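Dear colleague,

Please find below the structure that I am handing over to you. I would be grateful if you could look through it before reading my notes.

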Amino acid sequence: MARDTTDQTPLSSVQDLTDYIAAGNKPRERFRIGTEHEKFAFFRADNSPVPYFGDASISALLTGLQKKSGWEPITDSGNIIGLAEQNGMGAISIEPGGQFELSGAPLETIHETCKESNQHLATLREIAEPMGIRFLGIGGSPKWTYAETPQMPKSRYEIMTRYMPKVGTQGLDMMYRTCTIQVNLDFSSEADMRKKMRVSMKLQSLATALFASSPFTEGKPNGLLSWRGDIWRDVDNRRAGLLDFTFRDDFGFRDYAEWALDAPMYFIVRDGRYHDCTHVTFRQFMNGALKGEVADPAPTMGDWTNHLSTLFPDVRLKRFLEMRGADGGPWRRICALPAFWVGLLYDDAALDAADELTKDWTFAEISALRNAVPAEGLKAQFRGHPLFDMAREVVGISRAGLKARGKLNREGQDESIFLAPLEEVLAKKATLAEDLLSLYHGRWQGSVEPVFEDYQY
């Protein structure tokens, strides 16, 4: 999220909060695909991280992109921290450790979202190359310690950095040393949201396994295939992870709003200033907990919108659904991740098939799988079989869903072409993380340094 919201519409009830989410309902013909991806910025000369300040820096990259694109700069205390497309559709932002993020515009097809990502990377290279900066596309920082990782001057990150060690053991690593690819998808009704949430929540660990690409930490193997996936097991479990209530037959918008109400807040913004609110939940805020602490203590729609953006379940509900399980990866995976989920969720027959496949999966089974996948990947056992077997079936459902959508490019190819990286994983029976480990123990001769050359954008 590039910009925190300042909508001053007053809130008076839980129904207001529920109605805000429900307003995401839209007819199928208005369904869109919003793809986000993050990457690590590094100096080509020595594979060191790029700081925020300086002639060759994150701020210089943002300034250069702003001049090139004409996008509106987003600032925080006078520092440029992002860019917003003039029509409000796309955005560029920086994550806490300087990870560079494109939040893509809502587009109709994977062909368009893939083109968008490629254009972004090409423009970014044009700005970065004279500074000696390149970008790495994997899920976890392979070399830098937390102390070596720069910190971006963004107010919400300062609050989160203070708060994370109080509520989990891995929150700072999540913030500063991981990258992801995500896709945001629409729903047409509460029932449609419920079905998509149920299916995607159950299958999110499968996505983690398929996209695993974070096997290194501080210059050596960490014993995991998805370090990022393991990190999310203990970031802040009051606002993250699996949500068991989403599997209920009567789950709806109100249930998510009630859960969000009882999650601790991070901040509110008043007159451009961020106020630390980590000591109260949003429900307590609604009940007047900040009276006497801030000048304008009444909750607004902007506060609720910002709060929803600080919740981190495996699938996040706002006015759309966010798929949050995948590691970052090479450019082809920026297209593969939205293709995987669009194939499953945007075709009725595919969604029905995925729902039928997972209908009797229990919360305990899914939770156990979520715990096993970071270390075992597609070799993790599910009901006596390796997850690889399930992956092959689910990717097949996605492929059929993409073909049924019939969205063709100029060459007459449908969107299933973007599943190629996943089909390669299935054919080799090896994830990208396992490929990286093979290189580390082979051609790279026990060094992670070559990853910066071999897996840069």
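Please bear in mind that the model is predicted.

The cysteines

Two sulfur atoms count as a disulfide when they lie within 2.5 Å of each other, and by this rule the structure has one disulfide. The partners are Cys114 and Cys335, whose sulfur atoms are 2.0 Å apart. Their link is right-handed, with 75° about the S-S bond. It joins distant parts of the chain: Cys114 belongs to helix H3 (residues 110–128) and Cys335 to helix H11 (residues 331–345), 221 residues apart. Cys114 and Cys335 are both buried.

Cys179, by contrast, takes part in no disulfide; the nearest cysteine sulfur is that of Cys335, 17 Å away. Is Cys179 buried or exposed? A residue is called buried when its relative accessible area is under 20%. Cys179 has 0% relative accessibility and therefore counts as buried. The reasoning for Cys277 runs likewise: its relative accessibility is 1%, so Cys277 is buried.

Helix H6

Helix H6 covers residues 190–210, which makes 21 residues. From its first C-alpha to its last, H6 reaches 29 Å, close to the 30 Å expected at 1.5 Å a residue. Where is the kink in H6 centred? It is centred on Leu203, and the kink is about 40°. H6 is also mostly covered, with 18 of its 21 residues buried.

With kind regards

Note on methods
Residues are numbered from 1 along each chain as its sequence is written. This is a predicted model: local features need pLDDT of at least 70, side-chain atom pairs count only at pLDDT 80 or more; totals for chains, interfaces and linings use all residues. Side-chain values use heavy atoms; hydrogens and water are left out. Helices (H or I, at least four residues) and strands (E, at least two) are DSSP runs, numbered from the N terminus. The expected span of a helix is 1.5 Å times one less than its number of residues. The bend at a residue is the angle between axes fitted to the seven residues ending there and the seven starting there. Buried means under 20% relative accessible area, exposed over 50%, partly exposed in between (1.4 Å probe, protein chains only).
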